[in-house]
Each structure stands twice: as C-alpha cells, then as structure tokens.
Amino acid sequence: MKIMVCLKQVPHQDARLDINADGTWIQEDNIKFEINSYDTYALEEALRTKDAGEADVFVVSIGPDRVGQALRTALGMGADRAIHVNDDEANGSDSLGLAKILAAVAKQENPDLIFMGLMSDDDNSAAVAPMLAQLLDIPHTTAAVKVERSNGTVTCDREIEGGAHEVVELTAPCLIAVQTGLNQVRYASLKGIMAAKKKPFDVKSVADLGLSGQVGTGAAKVKIDRIAPPLKGDTAEILSGSTAEVVAGLVSKIKELGLL
Amino acid sequence: MSTVLIVTEIQNGSLREACYEVASLAQQIAAATGGSVKSLVMGQGVAALADEFSKKGGGDVFLAEGDALANHNAEAESKAIVAAVEASGADLVLIPSTPSGWDTAPRAAAALDAGFVSECFDISAEGGSITYKRRVFNGKLEATISASCDKVVASVQTGATTPFEGSSEGSVRKLDVSIGDLGTKFVEVKQAESKGVDLSKADVIVSGGRGVGTPEKFLEVIQPLADALGGAMGASRPVVDAGWLPHEYQVGSSGQVVQPKLYIACGISGAIQHLVGMKTSNYIIAINKDPDAPIFEVANLGVVADLLEIVPALTEALTAAKG
C-alpha cells in the first residue's frame, strides 16, 4: 500500500510575528520553522500503518529551500521517500493552487491513502485537504480523531462540537485530514536521522508537474491585501507592578466578585 | 450586483442559528451591491424548513432532498452546492463554518473552481468591492482578503454576526441534484461520554495552557489555585493533545463550553477554538507572558507575567486571606 503525506513547513509556534515591508505577510527571515503541528499527527498515523508492516510512505512539501529540512525530519522519523516541490513559480499560490500542485504529484504516484493535517498553523484555512480530494475525485474527511482500515474501507471518527464524534466510512483511495491529538507523535531517532540521508529525495518544479501558468501569484483567485495585529479595542485592564502588587490586585478583585 | 447563495445546515430538525447569522451578512451584501439573496436547503423531508427560511432571510430557496443528504456528507453536499450555484446564478456562496461547513465548503469551492475564503468574521461590500476579514496564526493576526475571480465561496465564523431577524420574500423550488455513487458514507454520531469532570457546574475554573510547561506543573501550580478558590481545573487543547490531561478537562469548541463566575486562564494563548469555550464567562482573568496573546481580547483583567511566579503567590495569598 502506498501512503502520501502532505506536509507544510510553518513558522515555529513561538516565533516572533513581525509584519513584512508590504504588509501582506510576516517577516520570515530570522525566525525558526517547523513542520505544521497538524501534519505531524498525519505523518505519525502513516508511520504507524507502515510499522504494522503494511505501507510505503512518501512525504511531499511545497516551498523554498528551507522546506528541505522539514522533509528530512520526516524521513528521519521513518518516511521512505520525499518529494520537494521547490519552485518560485509556486509562490503566492492560494489554497486551490497548492491543491493543484499536490494533485499533480498524487496523479503521478497513485497513493491508496493520503494523510495531511486539518489546517496549517499559519494560514488556518483548512482548505487544501478537501480541495485536493475534490481534484482527485476521491472521498475525504476532516478533523479525524480515529482512523481504522479494513479491506479497502477506512472508517474515521471525526470531531464535531462538544466532544461528540461523527463516524464516516470512506472507500479507498481516500484522503484523511487529521485533527491534533489523533495519536502521540514520535521523535526521529539518531539511527533514523542517519538513515534519512540515504533515502530518495526528489526535487520537482511546477513545469515538471505540467502546471506552468496555473499556480502562483498570477493564478491565485484570492490574496491577502493586508495583515496586521487585531485592533486593541476595550481589552483587559492590565495589572502591573511587582509580583506582590499584582497578587494583591488579583485578591482584591476576587474578593469583590464574592469568590474568596 | 452580487447574487449571494446561503448554504444552510440542519441540526436536530431545524436550521442552525448560524444560518441566520449568515443571512445577516448575505442581506447586507445584497443591499450594498443591489443584488439578491438565495439559499440552499439540503436534507430529507425538510420542505417546511425551506419554506420558513424563505420568509426569514433566505429569499428564494433551492430545496435538494434525498437519502444521501439526510445526514452530513461532504461529497453529496458539494454536488448539491454546485447544482444550486448553477441554478441560482450565484457569484458568492456563504456557508457557516461549522464541522459540516468546513468539511464541505473547500470541496465545493474546488468543484466550482472558485476563490475560497475560510472562517471570515466580517465581509464588507463597501465601495463596490467585497473584502473579507479573517484571523491567521491561531488568532494572533488579522488578514484582509480580496478576490479576483468570478465566484467566491466563503465560510463564516459562527457567532461573529448577529442572526437576521427581518423577513424576506422568496419561493421554494426543487433542485434536482444527480448525486451518483458516493465514496463517503455517514455511519452515526457518537455523543461525548460524560466522565468525571463536569466543568459546567463550577463557579470558578482555573485553566492552564501550553505555558504551564509540564504535566507536573498542572498538579503543582494550577490545581492548588483551583482548590484555593473551591473551583475546578481546566485545560486548553494543546495540553490534552500532548497527553498531559485527559480530554474531559478540555475547554473549547470540541470540549466543554463553560460560563463560570470566574475563569482564570494561565499560559493560554487564546486560539479561537478555546475562546469559543469560555468567552461568555462572567469574569475573565488572563495571565500570560505574551502581551499580544489573543486571550487578552476577551479578558476583563490581565497580567503580563510568568504564571509560574504569579500563580503560586496568588494561591498563597488567597489561602492566607481565608485564614
């Protein structure tokens, strides 16, 4: 069985978010990056299937040179092969553009299962996964918190409101967009990291995928005009001072609320 | 001139309130652009709901009925949306961003080859062009989006607008959707098992987030404050995902929604999923090292400091004050 895992490399969750010069994104120059948290759970799910002796796992990511690091981490964790779509022509793609790129890779590879995160920690659109499934004309589900396979069917629990789960059955090939907490994500072992250096690592261009002119800024249907911190309206009264002063203020408020 | 199509959702036999919230936006946009509002109702045996919505903000309603639409099914719903867009001539499709909405909307957008904007908290049509506003970086920044295409699908954050309370005129017409074979099958909904921790009854909840640092610190730092206030301990999602606390402590849209007299958020950034779970608390105190954390937008009182310094000191002071 062949499993495709789509990864996105995103700014580290504690990275400083300074707005860039034209106000359309954050400054990416001097910050750390990491694999999108949701995608780590997707990768882990694929690797568990592989551990059960049943699959070949390849990872794909789109982006500049730095994305190679994320893919190598994934290889270190146990993925068999990596594909890096590294092409400036892909820059500025909207969700649909990204989905088209991943669909082109999928059409070359014909995976039985596609795992990816529900959304990215930076854009939070949760769009690429369902779009990718539509472009490939395969069923999908989102926010999976449990995945079970048997005989060409995948049964997923998907998270809905209030802790309830909706159970859905998908026929393979299918795409599963996972929720965080689906499993416990492994660390790359030293042995794994060493082995990763010898694993196949393919770099592809937009032209290689037959998508020249169909992705990137020019093809994007939506774009961010402006990004900014939220306006601080009537927000919290901030207590400042020494720990003792702050604590005194808190105790006073708690007394006032009648909760002491 | 925008023709706006509202995609509705039925839950427990009636249209979700979110549909009326979306109707508010749809009506505003139609009014601003000299356009019209139409709607799609999907389900089985729901003609009466379609009729009701046509009078309460939905305008002309396209009714798609069938077994495949009786329960949530992203594949089937996506096909119905495509058919409704064709039948209505809509150029803007609005759908509530609920677990069903976020499952279906992007798929439908791809099927329509449309632009897609996710979880908007505002859509405005001033000056002849439509702009969409949404949050990115887990609530830390706001993005203003514009589209340069014929059709846009936008999902709308629930609770971001007030429900439409006016009336509308429209007729209900049957929409034929050829669903075909589906690779997706709805099986059932499993309700959450109610376990030990019922946060809805607590007057005071002290919640910890990733900032607490380790599972041990929850027991050493957060639980004692909760105890000193006679309250309960809660947690944000990342804490539960990391396995530090079981799911029953989770406060948020996929955990428990709480409204205590006092909610103290310690080391919680304030991602929207968490805020949805606690922002209607009577009084909110937030303690976080990051002055830009979104939690401060809903807090009444804030402390920008290390919770590991403040919380133990607060617990001690409260214990002393109680005598």
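## Close-up views of chains A and B

**View 1. A strand from each chain meets side by side.** Strand 9 of chain A and strand 12 (residues 184-190) of chain B run antiparallel and share six bridges; strands are DSSP runs (E, at least two residues) and helices are H or I runs of at least four, numbered from the N terminus, and two strands pair if DSSP finds at least two bridges between them. In this pairing, Val168(A) sits opposite Phe186(B). This is a predicted model, in which local features need pLDDT of at least 70 and side-chain atom pairs count only at pLDDT 80 or more, while totals for chains, interfaces and linings use all residues. Residues are numbered from 1 along each chain as its sequence is written, and chains are lettered from A and ligands numbered from 1 in the order in which they are written.

**View 2. Here is the sheet that takes in both chains.** Its 10 strands form an open sheet with mixed pairing, in the order 11(A)-5(A)-4(A)-1(A)-6(A)-10(A)-7(A)-8(A)-9(A)-12(B). Strand 11 (201-204) of chain A and strand 12 of chain B are the edges, each with a single partner strand, so one side of each has no neighbour in the sheet. Within the sheet, strand 7 of chain A and strand 10 (residues 174-178) of chain A run parallel, joined by four bridges, and Thr141(A) stands opposite Ile176(A).

**View 3. Now for the contact between the chains.** Here 63 residues of chain A are in contact with 73 residues of chain B, where contact means C-beta atoms, placed from the backbone, within 7 Å. The chain A side divides into 34 nonpolar, 16 polar and 13 charged residues; Ala, Val, Leu, Ile, Met, Phe, Trp, Tyr, Cys and Pro count as nonpolar, Asp, Glu, Lys and Arg as charged, and the others, Gly among them, as polar.

**View 4. Last, a look into the nonpolar cores.** The largest has 140 residues, and those with the most contacts inside it include Val5(A), Ala74(A), Ile176(A) and Leu94(B). Helix 3 (residues 95-109) of chain A gives the largest share, nine residues. Another core, apart from this one, has 52 residues, among them Ile205(B) and Leu262(B). A nonpolar core joins buried Ala, Val, Leu, Ile, Met, Phe, Trp, Tyr and Cys residues through C-beta atoms within 7 Å; buried means that 20 or more other C-beta atoms lie within 10 Å of a residue's own (exposed: 12 or fewer; partly exposed: in between), with C-beta atoms placed from the backbone. Ala74(A) touches residues including Leu7(A), Ile35(A) and Val59(A), leaving aside those up to four places away in sequence.

How values were computed:
Contact = placed C-beta atoms within 7 Å.
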